[in-house]
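This report describes a few features of one protein structure. Look at the sequence and the model before reading on.

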Amino acid sequence: MKIRLASGIPAEVVAAVDVNTVANEVYAHNFSTTPLWPKTIEGITLKEFNSLSFDMILMSPPCQPFTRIGRQGDISDPRSKSFLYILDILPKLTRLPKYLLLENVRGFETSSARDELIQTLKKCGFTYQEFLLSPTYILTDFPSQETENSKTCKVAATVAEASSQGLMKDLSSCHDANGKQCLEKGEFLYKLETESELERKQQWDNNLSLQMLKSFLQDGREELSQYFLPLKSLLRYALLLDIVKPTCRRSTCFTKGYGHYVEGTGSVLQMAEDIQLESVFKSFDDLSEDEKLKNLSMLQLRYFTPREIANLHGFPPEFGMCLVFLKYSYKPRMSSEGGNLIFHTGSANNIEFRTGSQGRIKLNEEDLADVFSQIVNIEDRLHNLELTFLKKACNSNPCQNSGTCINLLDAFFCLCPNNWQGPDCSVDVNECQIYEGTSLGCQNGATCINKLGNYSCMCTPETYGQYCTSEFDDCQGGSSLLCGHGVCVDGNREQHHQPNYTCICDDGWMSPPGSLACNADIDECSLSNPPCSVNPPVRCINMPGFYFCDPCPTGYEGDGKVCTLINICSVDNGGCHPLAVCNNVSGIVPNCVCPDGYTGNGYGSNGCFALSTICQTHNPCVNGQCLDIASGYNCECDPGWIGINCSEKNGECSRNPCYCGGSCITGVNGYSCEYCGGSLSGSSGSFSYPNNSEYVQIDQTVNCNWVVRTNYNKILHITFPFFQLEESSDCRFDYLQIHDGESTSANMLGKYCGPHQPEQLFSSHNSLYFLFHSDHMIRGSGFRVKWESQQPECGGELTSTYGTINSPGYPGNYPPNRDCYWIISTNPGLFITFAFGLLRLEHHDNCTQDYLEKYVDKCIATACGGSLSGEGVIRSPYFTRPLPKGRICEWIITEPEGNIVILNFINFRIYNVTACNSDYVEIRNGGSAVSPSLGKYCGNTIPPVVHSRHNSLHIKFRASSTTNLGFMAEYKPFDIARRNGGYETSPLLGKYCGSSLPPVTISHGNTLWIKFVSDIYLTSTGFSAYWDGTSTGCGGILTSSSGTFMSPNYPMPYYQNVKCYWLLKSSHGNVFEIYFDQFHLEPYPSCYIDYLAVYDGNSSNSTMLGKFCGNQIPPTIRSTGNNMYINLKTGYSLNGRGFLAHFKQVCQGIIIANHSQGILESLDYPNNYPPGVYCDWTIQTTTGNTLNYSFQALSTKGGDRCERDHLKLYDGPNTQSTLIGTFCGDNILPSGGTTNSSLHVVFFSDQIDESTGFQMLWKVNGYMII
């Protein structure tokens, strides 16, 4: 760690603490400037700790209390005292360190010491991570270092004892000096190695990514003879040595006992590379000692030097080895203690006595060489005696039934398998008795049968398995397979091999005799109490699994099961006058009757007028009969009387002396005849009465009639240059009455009298009727009428709560060649009831000439310009009338990507213009005034249908002339559309183009409107679809990435007593989100009658996300998994309009890995993913675990460099983490894994082509807990 810090990490070691003198001297030799404390941890006081002011503690507490081959004393082991002391003193420090790093052996993670550590860390506010690793997890590149021979890159470090995962093995094989493999798999067995061990060693040495050992050896300039193994060690441990050559790529781990002990402390190096181990160890046991030593000496086996071990462990060249291994620099000395001579050589040096060739070393006259030779001879004899004795006891194979024989002193012991017992393993063990009541015994009432050497369980009919722990699930085959149209319920088996289950049938199905499956249809229409309405009768239609009722007859409302008479009068008095009596009759128009004292047809706000009461209160007619009228009264005079009240005696004009319709006018000296009325025609003109403007008196009643006509396709504009008649209440005496037609049967436009000029008037078609009436006395100067012809106009925008509209000239005949448009709108949340009192149009097949059309919810743009989308109507301002002044209007229509705009002109009236320079409509292909022009139009010829090339269209309208009456046009996007109903204006269910297959569509009634549109430019192969009219449109399984669903019969009121279920199923790893455009369910407390319930799963047993009713739109709802279940239930009472909802799959979010494995897929997999999507997921497991991933499929339109559709993987929680790779195309990707607890996945698709996407499997990796 000190070397790592010195190699680039800006850190300073403030103290190094250890009690091992050798370790301390090595440390001091290499890091002389670092304070070295040769003392125990518990010997450091709190004050000394605080004085260091350190940021990090690196700890390696003694491992003996926790290792599996030790006593596992844990915190009771005295060697744990130093570690516990650190834990005790840590919370008391004046300044806590920022980091603690600790390493120990396996077994520490389950110890009480570890629990003490965690409690202390939490107490001090630390966050922590734990890793349980084997050496393979840290087998990575060592730091590069330059030596005289080579560059250190990578080395295989193996362990003599395999890790718990079995990832590391003890291997032994190598290559000869020429690099050829010297051992073949299974060629021979020698030493104490098996064939599988040799195979594993060969695998390591065949791994060319690892350096050969010769890259780490010293160059030979140093004397190496001191490192050769002693002959005694060779002879005794030859069969246990791990022997490697310089050409090998592996070694066993080196321990601190290396050089002192042979077995299990590290590999030894064979210097004679050309000698084969097989030739040395073949028939090794049969050789004499001298022969063995001779063969072993040929190998030239030596220990690795301290420098070489340092190289293998990655220490830099400058790292010194002053006091390690066989070479020790301690200076020897002698001393005298208590009369004894003491030799001091140090812990690793020898005391050697060297003599000449004839010299001897004697102890009390005894030659030490002879003594040692006798000791060796005794040891060898004892060893041979031990081998001879051991061969005798187990030679006869006394242990039966695979028992293992163990030699004892003049005896043997049989180690028996679990199922045998006795001295020689010949007695059967009764497992039924031993395992009764345990997990190894027979479970769930099974019968245990004991056998020789084993036992078995006889299971009950319902259970199976070795111990009868598993129960049969007879519904495992699936409800649809076993029960058809029903749900399978598992039962307990009563006999062996006889499945037992029952079927709960869905509504509309039953099980036929002799079968459990729900495959027989219930004919609801044949029941004694039919489900559809009887009064009025409604036809019941039976279908497989369900039935439906025809709609209620005209004048009735309901779902066909229950039909009630429509109460038209319940809303706005049925459209009758507020004072009129509304009578509900069969049909859609009520009978309106005005009350007593009123007259009229009773319909609308002007349907009833109050009658006058003058005649009842006092009779104003002196010599005549009084008649009440709505505007007052009239007097019918007796013969010889005239005047408004019949109070004037008739004069000379009473005998009607004027012929040919002339009016008699009483003069000063007699009377004169005035002639009036007639038929007038022309584009303009005038008429007056009388012929002069002098004050005159007429002695008889005057009635004049004029009919004015212009061209058939024009209307009349009327003004009054002069007007002065006798003024009276309600114009009872003298008046001018005007009708919109050629007789008094036409609609009356007005009745005028008095000295004030009437407002200008417009006819509805090309003629007007004028009626002038005067009593016997003219008290004014008369009038003058002027007419002009102009283009007709009709229609308008109506916003009142209720009202009436009439055809031009109603109740007279409408004029020919007329187009009229009305827009009726009301407050949000209200509906418009539209009823006809009269309809009499010229009849033609398919209504091709005279016709009336209604559009519901049609967007009509009447403003001068603006931004539009979707579909609708553009109408120029003041359409069919001239603009008050010049105007330029610009509209921009923008549709979704992948669509074009279609513009269809309905009416076009830019008259008297041919050059299209001052008054015109110009259309451009794009969203601006500089986009390419598609056409410029004027005149009165309707332009052709215009198609944009892209998704936007620019329209410019310029008006400067009074003959420019504007235009009306429809716009809509290019589409393949399906609508829920039989009309183009029915609710849209979907609009599709491109090459991706649309989802299955279910209508909510018995009609479906489908429209296909193609422009004049590009073509393709088109589409093919099929329809099935045998199932209802209530509910269904929705699997597309987005779509719409709605209540049955939407936007009309939903049906009564209905249950609908929708199951939304997304691709793996994605969730659903639904939101509502409209929501109107009958409100009840707690929503217990009519409601919509949403569940976070695939059934109503899942967690409920919400239950809704009333008129408030629910909030956006999101699932947590890839299923969402929706239930609509309605009752028998009143119902509302229902709901319109949209759903979409959301491919973003965090996926919590609460299972050991899972699946992640692109949208709509295995179908093509949608265009233009950006998805990102983070798969998160618990801290400390890692994730593995593998791909089952990948297919994208990615381009040469994955610049289009592609998949990216990040080793972490977001795109800032390390990028694992970018993938595209149609290749199977390699498996991989993360280095931490999260995997971030990004998927992108452009707008061009699509493919099937990907399917990825992820799995929580290994035994790593954080």
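Is Leu101 buried, partly exposed or exposed?

## A residue at the surface

The model is predicted. In it, Leu101 has a relative accessibility of 38%. Buried means under 20% and exposed means over 50%, so Leu101 counts as partly exposed.

Leu101 is part of strand 4. Together with Met56, Leu58 and Tyr99, Leu101 forms a nonpolar patch on the surface. The accessible area of these residues together is about 370 Å². Two elements each give two or more residues to the patch: strand 3 (56-59) and strand 4 (99-102).

## Nonpolar cores

The largest nonpolar core contains 30 residues. Leu241, Ile243, Phe281, Leu299 and Phe304 have the most contacts inside this core. Strand 7 (243-244), strand 8 (268-270), helix 8 (277-281) and helix 10 (306-312) each supply two or more of its residues. Helix 8 gives the largest share, three residues.

Five strands make an open sheet in the order 65-67-72-69-70, and their pairing is mixed. Strand 65 (1036-1038) and strand 70 (1103-1108) are at the edges; each has a single partner strand, so one side of each has no neighbour in the sheet. From one strand to the next, the twist averages 15°.

Inside this sheet, strand 67 (residues 1059-1065) pairs with strand 72 (residues 1123-1129) in the antiparallel sense, over seven bridges. Leu1064 has Met1124 of strand 72 as its bridge partner.

Methods:
Residues numbered from 1 in each chain as written. Predicted model: local features only at pLDDT ≥ 70, side-chain atom pairs only at ≥ 80, totals over all residues. Heavy atoms only, no water. Pairing = 2+ DSSP bridges. Helix = DSSP H or I, 4+ residues; strand = E, 2+ residues; numbered from the N terminus. Axes fitted to C-alpha atoms, helices over the stretch in contact; angles between N-to-C directions. Patch = residues over 30% accessible without salt bridge, like charges linked within 9 Å, V, L, I, M, F, W, Y side chains within 5 Å. Areas by Shrake-Rupley, 256 points an atom, 1.4 Å probe, with all protein chains shown as cover. Salt bridge = Lys/Arg side-chain N within 4 Å of Asp/Glu carboxyl O. Buried < 20%, exposed > 50% of the residue type's maximum accessible area, 1.4 Å probe, protein only. Core = buried A, V, L, I, M, F, W, Y, C linked by side-chain atoms within 4.5 Å.
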